[in-house]
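New page in the notebook.

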Amino acid sequence: MVEPVSVTALSFTEYVMSGQRGRISIVSEQRSVYLGVDPWVCGFYNPMRDAMRRAANSIDPDAELDAAVRSASRNGQPRAFEELREGFLPWLRSTRATGVPVAATRWEAGDLTLRVRPHLGLRMPDGSTAAVLVYVKETPMTQEAANVGLRILQHTIDKTLPGATPLLLDARRGRAFRMSRRTNLAKLDALIAAEAAGYVVHWRMSA
């Protein structure tokens with residue numbers, strides 16, 4: 001029986017941005033996370049992502065992020081959490097947004113199943129909404145890579161947060177990416193299909 005392959009939309013986006021040399025290693029790392037064979041990497045950033053969600057609904061967002069920083073206990077967490085706090089809080093304040101619920105869904109890209117649940121749902125002061133994937137790693141996000149995550153959000157927005165604008169936030173740098181109107185969506189969809197096929201091959205080869 002062929003093993004099904006299912007990862008989050010953000011994990012797939014990180015694969016696309018990793019370049020040819022890094023893809024085997026990143027799939028091996030992600031495989032360890034999803035199959036639970038490496039407890040060190042499992043949930044490393046979860047306390048900060050949870051704190052970001054609470055912060056969007058809190059009268060004191062600083063306190064939510066500060067508590068997450070104080071809870072950091074794994075090797076590397078204190079510095080990473082500090083950097084995330086310093087990037088995320090100014091960005092959140094600049095939006096003047098409040099949190100709204102988001103739903104989870106799945107989207108098929110060939111033999112790859114992508115699990116899609118925005119990390120944040122936000123309502124802006126003008127009443128518009130945004131569905132946000134939050135990227136937390138050290139390597140800076142690029143517009144080219146962000147377009148992959150943004151396109152997946154576009155394909156699924158009717159199920160996660162209807163009418164919302166997709167955003168991908170590089171939290172360490174406080175930079176939010178959105179899809180340019182000039183983006184060639186047909187070429188982007190073709191790229192996603194090709195990268196999804198490559199991901200499945202790399203996943204099965206790393207078994």
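How many residues does helix α7 have, and how far does it reach from its first C-alpha to its last? I find 21 residues, 185-205, and a reach of 30 Å. That is close to the 30 Å expected at 1.5 Å a residue, where the expected span is 1.5 Å times one less than the number of residues. Helices here are DSSP runs of H or I with at least four residues, strands are runs of E with at least two, and both are numbered from the N terminus.

Before going on, I note that this is a predicted model, where local features need pLDDT of at least 70, side-chain atom pairs count only at pLDDT 80 or more, and totals for chains, interfaces and linings use all residues. Numbering runs from 1 along each chain as its sequence is written, and side-chain values use heavy atoms, with hydrogens and water left out.

Next I checked burial (buried is under 20% relative accessible area, exposed over 50%, partly exposed in between, with a 1.4 Å probe and protein chains only). The buried residues of α7 include Leu188, Ile192, Tyr199 and Trp203. Seen down the axis, the buried residues of α7 fall within an arc of 165° (taken from the directions from the helix axis to the C-beta atoms), so they line one face. On the face turned away from them I find exposed Ala186, Lys187, Ala194 and Met205.

Then I turned to Lys137, in the loop between β6 (129-135) and α6 (143-160). Lys137 counts as partly exposed because its relative accessibility is 24%. Leaving out residues up to four places away in sequence, Lys137 touches Glu14, Glu29, Tyr45, Arg172 and Arg173 (heavy atoms within 4.5 Å).
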